Every structure is written in structure tokens, then in C-alpha cells.
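Please look through the sequence and the model shown below before reading on. The paragraphs after it go step by step.

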Protein chains: 2
Amino acid sequence: MRTMRIRLTTAGALSALLAAGIRANGQGDPLPSWNDGAAKQAIVHFVQATTTPGTATFVPAAQRIATFDQDGTLWVSHPIYAQLVFCLDRVPAVVKAKPELANTEPFKTVMSGDRAAMAKLTMKDLETIVMATLSGMTVEQFSVEVKQWMAQARDPRWKRRYDELAYQPMLELLAYLRANGFKTYIVTGGGQDFVRTYAEATYGIPPEQVIGSALGLSYGYDKAGKPFFMKEPKLLLNDDHAGKPETIHLMIGRRPYAAFGNSSGDQQMLEYTKAGDGLRLTMLVLHDDSTREYAYGPAQGLPNTKIGTFPQSLYDEAVKGGWVVISMKNDWKRIFAFEP
Amino acid sequence: MRTMRIRLTTAGALSALLAAGIRANGQGDPLPSWNDGAAKQAIVHFVQATTTPGTATFVPAAQRIATFDQDGTLWVSHPIYAQLVFCLDRVPAVVKAKPELANTEPFKTVMSGDRAAMAKLTMKDLETIVMATLSGMTVEQFSVEVKQWMAQARDPRWKRRYDELAYQPMLELLAYLRANGFKTYIVTGGGQDFVRTYAEATYGIPPEQVIGSALGLSYGYDKAGKPFFMKEPKLLLNDDHAGKPETIHLMIGRRPYAAFGNSSGDQQMLEYTKAGDGLRLTMLVLHDDSTREYAYGPAQGLPNTKIGTFPQSLYDEAVKGGWVVISMKNDWKRIFAFEP
């Protein structure tokens with residue numbers, strides 16, 4: 001957090017001229033990686049309207065909840081989810097522990113290293129791999145494994161750690177909301193134990209504000225009588241589609257005032273947010289920048305995808321419901337912090 | 001909160017002489033309803049040790065998590081849980097909506113008003129009543145019903161609202177921990193939707209810090225296309241025994257430094273807390289005051305109970321593990337705020 005705030009302040013000082021129409025706060029533009037346009041204006045208007053005391057749109061600090069999908073909203077999710085790469089990378093360890101899996105599909109295909117065959121794995125195959133690789137260890141062991149993997153693994157395109165592929169404009173948005181008293185939450189279809197290992201360092205979001213899919217746990221005692229939790233291969237929470245507002249109710253118990261997503265899995269979270277009284281901000285990131293990131297929809301004639309689908313029907317609902325579509329190509333001046 | 005803090009300050013000023021050995025904070029004794037003794041000393045020692053920078057026992061503010069069972073720990077749970085009274089009181093409304101239940105057990109017995117017959121209902125009967133009376137409405141409707149009930153219902157012994165039966169020493173303890181940077185959570189076998197309706201006003205605990213048992217929700221749309229959640233008669237989280245540390249991991253993702261309970265359902269939460277590194281505080285409230293509240297165990301030869309059992313084996317584990325047993329009779333000067 002401290003690092004990010006310093007970075008923001010410096011960037012803000014450099015782009016002071018851009019701050020027209022934005023509350024100065026004595027710190028310049030809080031969103032320097034956003035181009036001036038409808039998306040940026042919607043954010044600034046929302047923050048000013050909900051935090052100015054005495055107005056009809058004012059929201060008391062305790063109720064300022066903002067929820068963010070992660071994959072494709074806060075960081076890159078193409079060509080496949082980072083957590084799925086982690087799961088595939090863990091298959092050899094699982095097969096070593098259970099040698100009988102070496103000749104069992106889909107583990108056999110993954111162990112072959114045949115990329116073409118792996119690309120043909122079905123969703124059911126991937127679920128089998130996910131369940132096997134995310135369970136069978138204690139929550140502490142899992143946390144250690146994820147941290148080790150995150151330090152070593154590199155995205156094949158940018159040759160960067162996955163946590164470096166967070167979107168700089170969204171990091172600024174998170175910091176801007178928090179600076180204005182909003183509590184920022186991640187609400188992800190990904191595993192919450194996975195995301196919690198890096199969410200604080202990457203996004204400034206503490207573990208208790210990371211909500212996600214979760215496996216059941218079993219409680220046991222080691223030889224010294226010390227209790228531990230094993231991660232079991234059964235899905236307790238599936239935090240996608242209607243599961244998102246359901247876990248928001250379960251874990252926060254308040255309706256968000258702002259929600260951010262990028263795909264049909266986020267539709268219900270945004271609907272639920274927008275259906276509240278007063279001013280609510282709902283935004284969808286559209287991946288329309290094939291040069292700097294990826295382009296997929298298939299809304300607006302963009303190529304179709306299996307990961308993070310943004311169908312035209314969602315685009316139409318956004319337009320009809322007053323949701324704001326963020327064009328990565330047009331609204332974001334810079335996508336990654338590591339860009340020059 | 002504001003009211004409570006003022007009350008504490010006043011009480012503190014009156015009992016300044018009692019403050020020996022307690023950090024003054026310029027406010028006098030923060031725990032005026034506690035008698036001097038091992039329990040009070042353990043609390044004050046723990047808070048001082050975990051919040052004094054530069055010591056080996058110092059805990060950074062973000063990690064200061066304290067979890068509290070509710071029934072029997074923060075408020076009265078005898079002769080039966082307040083939420084169960086709510087459920088029984090709701091049976092006529094459920095039968096009115098579904099007249100076929102009038103001749104079906106256990107609803108028939110409840111509708112008869114025959115107290116002797118009701119006292120003989122089995123746990124399975126009560127579960128049937130709980131599921132039927134806590135489901136079949138939206139989360140908003142449920143919240144309204146609980147608030148109306150809480151405003152009207154009276155405990156038969158003290159003729160007070162149930163939320164007036166919170167233990168004053170525990171309210172002081174909650175406030176004292178929060179004043180020292182601890183985040184206080186409720187972790188209850190009761191329903192989290194139920195407890196969230198009054199937890200902020202009663203305990204100063206906001207909805208996102210109330211963890212409890214929860215029913216599944218179904219997502220739907222009304223005629224205007226507005227989304228809503230119905231409470232379904234299926235148990236999603238059973239927040240008792242090992243379910244307590246499991247939901248703590250699920251919703252907080254950090255191990256508590258302090259945990260408070262009163263019965264065998266809290267055993268795993270206290271074990272899990274105590275098993276962490278560094279200094280941890282684990283305490284059990286023993287109901288040994290038949291005059292001012294109730295006396296039940298059956299630890300220490302107290303009468304047995306169906307609600308909130310405190311068996312001798314739990315007492316022995318507490319002694320062995322360095323947990324602190326709070327004697328209501330000896331450790332609490334005052335039990336309720338309404339006492340003279």
C-alpha cells in the first residue's frame with residue numbers, strides 16, 4: 001500500500017494539468033492512468049456525490065462498500081486463468097503423491113506435456129484437475145505453495161509474475177475509493193484461499209475482504225493434539241453468477257454501492273448492486289485492446305472466448321441499465337505499472 | 001456505541017480506585033463491571049501485552065481479531081435461545097400461509113399453545129420449526145420481521161426485550177478490545193441474518209463482522225425485473241463446533257488472537273485460537289449464578305442442561321490448555337445494564 005500511494009502521488013504531480021473537473025484533494029489527479037472520458041467522469045462523479053455531506057446522494061462511511069471481480073477486471077485472465085496455470089503446474093506433485101493417477105485422464109494428458117492435447121481438455125477435465133490440485137493439504141501448506149508458485153511462475157507473453165499483471169487503472173480506482181472511505185472487496189469465481197495469498201500486497205485488500213469460491217474443510221488434530229484444517233475436494237461456495245451476490249450477502253450483509261466486473265459471471269452482482277436505493281455505480285471492463293492486452297467479447301463484434309465471455313446481451317443490459325462500459329482501448333492511458 | 005462509551009466513562013470515573021494494575025488511558029477502569037480477579041487480570045494483561053510496541057507479544061493492528069460466541073456468552077440463552085422463541089412465535093404466520101400444516105406435527109403442538117406438550121418437542125421437531133419459520137421470505141422481509149419481533153417480545157423472567165439481556169461485562173470487554181485496535185466478531189450457531197438485525201445497536205458489531213449459521217438463498221426477479229433473494233429451507237453453514245473455526249477461516253481468513261465462548265459448541269473455536277503462535281486469550285463463561293442469572297454445566301457439579309452444555313471434560317481441557325474460566329458469580333460485579 002505504501003509503495004502504491006507514493007507512486008500515485010508522484011504520477012499525480014506529473015499530470016496535474018489533467019486534473020480539470022476532478023476534486024484536487026491537494027494531490028492532483030487520483031486516476032492518472034485513465035483518459036478523460038465518460039468512464040472516468042462516472043467514477044469521479046459517483047465518489048463526489050456519495051461522499052459530500054448534506055446531499056441527497058450522500059452515503060455514510062460504514063455503508064460504502066465496493067466489490068470487484070478479479071479475473072479480467074483487476075488482472076489479466078487470458079489465455080487462461082492464473083489459478084488454472086497453478087493447478088496444471090501442481091499436477092506432477094499430485095501424481096507423485098498418488099502414482100495411480102499417472103495413467104488416468106485427464107492427469108495423463110497434463111503429464112504428457114502435449115500442449116495441443118491439453119488445449120482440448122473439457123471443462124469437466126479441468127474441474128477434475130482443479131479439485132485434485134487444490135485439495136488434500138492443510139490451508140497453511142496451500143498458502144505456502146501458492147506463494148512459492150507466484151514468486152516463480154511467469155506469464156508467457158509478458159514474462160512477468162502474474163501479480164504484476166494487475167491493471168494500473170484499477171489499482172488507482174481501488175486506492176481512490178479507499179481514500180474516500182469505501183471498503184473495497186474482491187468477489188471472485190477464483191478460490192478465496194488462492195487470492196488471499198497475494199491480494200493484500202497486490203491490491204491492498206486484506207484477507208477478510210477477499211470473497212471467492214471455496215472448498216469445504218475438514219477439522220483434525222495432529223500427533224501433538226494441535227488442530228488443523230484439510231482442504232477437501234468438495235465445493236462449498238461457487239462464487240460465480242448468482243453466487244456472487246449470495247456470498248456478498250453471506251459475508252458482508254450489506255448491498256454494495258459500487259460493483260465492477262467484466263463478464264456474464266458478474267451480471268448478477270451488478271444487477272444486485274444497481275437495484276439498491278440511491279446512487280450506485282456499476283461498471284464492466286470491455287477487453288477491446290488486442291495490441292496492449294487482449295480483445296474478446298463477443299459483444300461489439302469482438303472475437304468470442306471461453307474465458308470471461310462478455311456477450312452482446314450483457315452489453316445491451318449495461319446500456320439499458322445505466323451501467324458504464326470501460327473500453328480498455330479508449331479509457332485506459334496505461335494498462336500495467338511496468339509500462340514505460 | 002456513543003452511548004455505551006459515555007456510560008463506560010462515567011462508571012470509570014466512579015470506580016477510579018479500582019483501577020490499580022490497569023492501564024489508566026486517562027479514562028479510569030475500562031472494565032468496571034468486572035471484579036478484580038484472575039479473569040479481569042488475564043484480559044488486561046493480554047491487551048497490554050499484544051498492544052505494546054517493541055515487545056515479543058506485540059500484535060500488529062490488522063491481525064487483532066477477537067471472536068465471540070453469542071448465546072450464553074454475550075447474552076442470556078436460557079431457558080431457550082431467543083431465536084427459537086422467535087421461530088415459535090412465527091409458527092401461526094407460517095400456518096396461516098400454509099393451512100395444511102395446522103394438522104401436521106410439530107406445528108399442531110405449537111399451535112395448541114400447550115406448554116407441557118411443547119416442552120417435549122424433540123430436537124428434530126425444533127429443526128423442522130426452525131427451517132419452516134426462517135425460510136420462504138426475502139432477506140429484507142426477514143429483517144423487518146425480526147426487528148418487529150425484537151421490539152415487542154419480552155423475556156418472561158425479566159420482562160425485558162431480549163437485546164436488553166446482553167451481559168454488561170461483555171459489552172465492556174468488546175468496547176475495551178475495540179478501543180485497543182481489535183476487530184470484534186460474533187461467531188454464532190444462531191442465524192447470521194437474525195443476529196445482524198440487532199448486533200450493531202446491541203454490541204457495536206457491524207453486519208460484516210457477524211458470522212453465523214446460514215440458510216441457502218435463491219436468486220430471482222420480481223415483476224419489475226428487480227432481483228431479490230429468497231431464504232431457502234436448506235442449511236448452507238452450520239456454525240457450531242468445528243463449523244466455527246471453519247467459518248472463521250472462510251469469512252476472516254485470519255486466526256483470532258482472542259476467542260470467547262461458554263459451551264462445548266465453542267471448544268473448536270477456542271482450540272483453533274489457542275493453537276496460533278504468540279500470546280492468545282481463550283475464555284469460557286461459566287453460568288454458576290442461579291440468583292442473578294442461571295446455573296448450569298454440568299461442569300463443577302452444576303445442574304445439567306440441554307441448551308449450552310458446559311461439560312466437565314471442557315472444564316478440564318480449559319484448565320489443561322490455559323483457558324480462563326469466567327465465573328459469572330465471582331467475576332461479574334453486575335450482569336445487566338438495567339441493574340440498579
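This is a predicted model: local features need pLDDT of at least 70, side-chain atom pairs count only at pLDDT 80 or more; totals for chains, interfaces and linings use all residues.

What follows treats the interface between the chains, then the salt bridges, and then some of the strands.

The contact draws 35 residues from chain A and 35 residues from chain B. In general, the size of an interface is often given as the accessible area lost when the parts come together. Here chain A and chain B bury about 3,100 Å² between them, and 54% of that area lies on carbon and sulfur atoms. On the side of chain A, E208(A), H249(A) and L250(A) supply 20% of the area that this chain buries against chain B, which is more than any other three residues supply.

Across the interface there are 25 residue pairs in polar contact, with both residues at pLDDT 80 or more. Several elements of chain A each supply at least two residues of the side that touches chain B, among them helix 7 (139-152), strand 3 (210-221) and helix 11 (243-251). Sorted by class, that side of chain A has 19 nonpolar, 5 polar and 11 charged residues.

Charged residues lead to the next topic, since side chains of opposite charge can pair when their charged atoms come close. The structure holds 26 salt bridges over all chains, and the count between chain A and chain B is 8. K183(A), R254(A), E200(B) and E208(B) are linked in a network of salt bridges.

Within chain A, D36(A) forms a salt bridge with K40(A), their closest N and O atoms being 3.9 Å apart. D36(A) is partly exposed, at a relative accessible area of 48%, whereas K40(A) is buried, at 1%. Another salt bridge joins D163(A) and R161(A), at 2.9 Å from N to O; here D163(A) is buried, with a relative accessible area of 18%, and R161(A) is partly exposed, with 30%. By contrast, R255(A) lies in the loop between helix 11 and strand 5 (258-261) of chain A and E140(B) lies in helix 7 of chain B, so this pair joins two chains. The side chains of R255(A) and E140(B) meet at 3.4 Å, N to O, and E140(B) is partly exposed, at 40% relative accessibility.

Finally, consider strand 2 (residues 183-191) of chain B, where 7 of the 9 residues are buried. Strand 1 (residues 65-68) of chain B runs parallel to strand 2 and is joined to it by 4 bridges, with T67(B) having Y185(B) as its bridge partner. Strand 2 of chain B also pairs in the parallel sense with strand 3 (residues 210-221) of chain B, over 4 bridges, and there V187(B) stands opposite I211(B).

Notes: Residues are numbered from 1 along each chain as its sequence is written. Chains are lettered from A and ligands numbered from 1 in the order in which they are written. Side-chain values use heavy atoms; hydrogens and water are left out. Contact means heavy atoms within 4.5 Å. Buried area is the accessible area (1.4 Å probe) that two parts lose on being put together, summed over both. A salt bridge is a side-chain nitrogen of Lys or Arg within 4 Å of a carboxyl oxygen of Asp or Glu. A polar contact is a pair of N or O atoms within 3.5 Å; within protein, one must be able to donate a hydrogen and the other to accept it, and residues adjacent in sequence count only if both atoms are side-chain atoms. Ala, Val, Leu, Ile, Met, Phe, Trp, Tyr, Cys and Pro count as nonpolar, Asp, Glu, Lys and Arg as charged, and the others, Gly among them, as polar. Buried means under 20% relative accessible area, exposed over 50%, partly exposed in between (1.4 Å probe, protein chains only). Two strands pair if DSSP finds at least two bridges between them.
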